[in-house]
Amino acid sequence: MEFDTIAAISTPLGEGGIGIVRISGPDAVSIAEKIFKPKGKKDLSEVKSHTLTLGSVVCPNTGEVIDEVLLSVMLSPRSFTKEDVVEINCHGGIMPLKRTLEAVLNAGARLAQPGEFTKRAFLNGRIDLAQAEAVIDIIRAKTEEGLRVAVGNLEGSLSKEIRKYMNGITDILARIEANIDFPEEDPEAFISRNELEEMIGEMVKEIEGFLREAERGKIFREGLKAVIAGKPNVGKSSLLNALLKEKRAIVTEIPGTTRDIIEEMLNIGGIPVRIIDTAGIRKSKDKVERIGVRRSEKSIKEADLVLLVLDAVTGIEKEDEIIIEKVKDKECIVLINKIDITGKINIPFYEKATGKECIGISAKKGIGLKEVEEKIKERVFKGKINTTRPLITRVRHEQALKKALESLGEGLKACRDELPLDIIAIDVREAWEALGEITGDKVDEEILNRIFEEFCIGK
């Protein structure tokens, strides 16, 4: 596959020690030669691959020196894109990078589109599609465990798992097609309806088990959405500040201080948690507060986990009962706040009244917060985070697995209904193609474009 030569700044703009302009394509070396003057007599064509050369970037039109740089040459196929790649290590500043990129473009390169370097790595067969997506997951990882999952996927752990299922489905197809094409010539290849049903059923069980981990994997990528809810002046903002260990939200004795949604990212035992403080839910004549209450109710509906805060001093009031009703079908932990004032509280009473697990805390004094963090971790990963096995981190992967299951289910039904083998083969083949959307073995251009649009320019 032949491409033109692309270039982009591959490091964030701003002041720093080093900034990199990356060039990739068949003319990468010749373009670099037009704008690079080495500190010596060697041409870049004579430079050994995967080495650094000191020199200056110059304007191709005027010969003006733009910056002193280190230039690395990585010849095909031993590069990220499997093409010839040149990386120019400039001083980290907006102007050196901007002018170096302009020089490269004037010398004949084209500005890369978002994610185009990684896309070329995929199209040239260096990585599959799941590995390509892992690149952006590494960049956006919010915790060490999230990074570990993304790195594992980049190394191929997810792809290996998916290909295991694809190979199993290929075996099923081979047996079916042998029975269709050569029913009498190869007795060993013969498969009975019971055997076929068993093979498809086993594949369904394997994929279902893997799919059950889907929600946990997405949490590493997107973060668990945990909403702090409750009536006004119950201590929601104090809880947010205590969990963050900083004064992020305004805390006063005046009810209704929080009028809008406040969202922060928190690392709880390796789990990235999007912790959201909401306006106190109550009836109000204040127009602004009513808007805040509506946003609070919307956040509760969208939450993965609700931290419902009750007041140990006032007990359960009518306003609390309304909120308890709103969260009855949600994953929820009830926090009985202000136990530093009341002392011991009757946890069984609150658990019976709310139908939820309850913990006594003091947001002001920090009492019980460690237990809250442990309970959050327990709810998500049963107390143990296992990042040694591949996890699904993307909705796209989850949908493809569900599509594969649906097709296998249709094949299983067709088998039980004793439909012709070629009908069963169609369903089983559709399952293989659905899984191929994850690895890129079966994917259309629209999906590819949508995936790589997520990337920044330069990656």
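Select the open sheet: its 6 strands run in the order 9-10-8-11-12-13, with mixed pairing. Strands here are DSSP E runs of at least two residues, helices are H or I runs of at least four, and both are numbered from the N terminus; two strands pair if DSSP finds at least two bridges between them. At the edges sit strand 9 (262-268) and strand 13 (357-360), each pairing on one side only. From one strand to the next, the twist averages 25 degrees.

A quick note: this is a predicted model, where local features need pLDDT of at least 70 and side-chain atom pairs count only at pLDDT 80 or more, while totals for chains, interfaces and linings use all residues. Residues are numbered from 1 along each chain as its sequence is written, and side-chain values use heavy atoms, leaving out hydrogens and water.

Next, pick strand 8 (224-229) and strand 10 (271-277), which pair in the parallel sense over 5 bridges. Val227 stands opposite Ile276 in strand 10.

Angles run from 0 to 180 degrees between N-to-C directions of axes fitted to C-alpha atoms, for helices over the stretch in contact.

Last stop: Ile162. Which residues does Ile162 touch, not counting those up to four places away in sequence? They are Phe210, Leu401, Leu435, Ile438 and Thr439, contact meaning heavy atoms within 4.5 Å.
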